[in-house]
Amino acid sequence: MTFDIITIFPAMIEEPLRNGILGRAIDRGTLDVKVRDLRDFTTDRHRVVDDAPYGGGPGMVLKPEPIFRALDAIETERRAPVSVILTSPQGRRFTQTIAQQLSREAHLALLCGRYEGFDDRVRERVSAELSIGDFVVSGGELPALVILDAVARLVPGVVGDERSVTEDSFSRGLLDFPQFTRPPEIGTLRVPDVLLSGNHAEIRRWRKREALARTLERRPDLLDGAVLDDEEREILKELRHGRH
Ligand code: 9D3
């Protein structure tokens, strides 16, 4: 899968992508990320990308022409239209479901916002406008990285062990069960006996119960959309009885 990221801070995107799972996928060629400096698509001597808002008011707005030129360049290079995603606080909330839908695309362009936002005319070229949550960050670069990471790790071959993806808590609609590793005890802090028992049926059931108990405690809203098997529905009924 190929991503084009359009930004005025290329280093904010490039540096994180040198690391971790995405860095490895890029080295292998499973993932291709082209970071485009918006200033390269200006035509004036000072490479100006922003201007004052019509109607007045504080702050600056991203000029439309460099953005249109950047998108034209991408489409010319690819010889195909590209789906453009705009990151903005006004966007639809990004979710795992949206990540799954986007991961089926061969190519996406992500536009990173800055200043007070975009000239509204760029929205003519945009297929989705996404926010990563109800909090304010300084620009669209971190949100674009979040979206890129969540989408890319769903692309087959990006994450080394495919099971980590399919067993993801949010794919199943539940929070993760608690994890432990050696040593079995640190002072009075002990790993639950069941995990040391070697009884894999017991371990599986314990993990289901813990995941359900955590979800019920911390994120009961997730249980409405969760896909549960018979055993999980049974455990959930017990847990709910225990507390009411
Ligand atoms: C909503 C705040 N705006 C009020 C005048 C100003 C403003 C603040 C920060 C406009 C843009 C930004 C930069 N943020 C993003 O571009 C952004 C974002 C975010 O701040 N929160 C969650 N998701 C996103 S996606 C892009």
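Tutor: Two strands pair if DSSP finds at least two bridges between them. Strands here are DSSP runs (E, at least two residues), numbered from the N terminus. This is a predicted model, with local features needing pLDDT of at least 70, side-chain atom pairs pLDDT 80 or more, and totals for chains, interfaces and linings using all residues. Residues count from 1 along each chain as its sequence is written, and side-chain values use heavy atoms, leaving out hydrogens and water.

Student: OK, which strand pairs with strand 1 over six bridges?

Tutor: That's strand 2, residues 32–37, and the two are parallel. To find the spot, look at Thr 2: it sits opposite Asp 32 of strand 2.

Student: And how many bridges join strand 1 to strand 6?

Tutor: Five, and again the strands run parallel. Strand 6 covers residues 107–111.

Student: How many residues of strand 1 are buried?

Tutor: Buried means under 20% relative accessible area, with a 1.4 Å probe and protein chains only. Strand 1 spans residues 2–7, and six of the six are buried, so the rest of the structure largely encloses it.

Notes: Buried < 20%, exposed > 50% of the residue type's maximum accessible area, 1.4 Å probe, protein only. Helix = DSSP H or I, 4+ residues; strand = E, 2+ residues; numbered from the N terminus.
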